[in-house]
Amino acid sequence: MNHGQQSGEAKHEDDAVLTEFLGSLMDYTPTIPDDLVEHYLAKSGFQCPDVRLIRLVAVATQKFVADVASDALQHCKARPAPVVKDKKQQKDKRLILTMEDLSKALREVSASSGGFDPHLSIYGVNVKHPEYFADSP
């Protein structure tokens, strides 16, 4: 068996797996509605009549949001808890996710990079607080 024949068989298997996966998207209802995905894709100039592709984008978006939320939760848990004097509030162990946690999660870099470099950001999103100012009357 030569190399060209092997790569042709592997390509055929990959195509079969991809076709099966895309077919399974027809039975799956993603968290993000198809209409919402279509709206934002249309705003960016992309239109596709294939529902499978719309759902693929929805699944990828859902995974992105879940990963960012999970990372933000880890930052929230790592943050030192404020000292509470009221015993009633001490029993309440709810975590409060802040914009700072979300910003850190979105800026997170791979462990191998050796420090924060905005060009190596995993998610490619840089969240900045808006500059606040007061207008004089």
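Leu25 is buried, with a relative accessible area of 3%; buried here means under 20% relative accessible area, with a 1.4 Å probe and protein chains only. Keep in mind that this is a predicted model, where local features need pLDDT of at least 70, side-chain atom pairs count only at pLDDT 80 or more, and totals for chains, interfaces and linings use all residues. Residues are numbered from 1 along each chain as its sequence is written, and side-chain values use heavy atoms, with hydrogens and water left out.

So where does Leu25 sit? You'll find Leu25 in the loop between helix H1 (3-24) and helix H2 (34-43); helices are DSSP runs of H or I, at least four residues, numbered from the N terminus. Setting aside neighbours within four places in sequence, Leu25 is in contact with Arg52, Arg55, Leu56 and Val59, contact meaning heavy atoms within 4.5 Å.

Now, over to Arg55. Arg55 belongs to helix H3 (residues 51-78) and is buried, with a relative accessible area of 14%. Its side chain reaches the backbone oxygen of Leu25 at 3.1 Å, and a polar atom of the Arg55 side chain lies 3.0 Å from the backbone oxygen of Met26. Beyond neighbours within four places in sequence, the contacts of Arg55 include Asp27, Tyr28, Pro30 and Asp34.

Last stop, the core. Which residues make up the largest nonpolar core? Ile32, Val37, Leu41, Ile54 and Ala58 do; such a core is a set of buried Ala, Val, Leu, Ile, Met, Phe, Trp, Tyr and Cys residues joined through side-chain atoms within 4.5 Å. H2 and H3 each supply at least two residues of this core.

Notes
Buried means under 20% relative accessible area, exposed over 50%, partly exposed in between (1.4 Å probe, protein chains only). A polar contact is a pair of N or O atoms within 3.5 Å; within protein, one must be able to donate a hydrogen and the other to accept it, and residues adjacent in sequence count only if both atoms are side-chain atoms.
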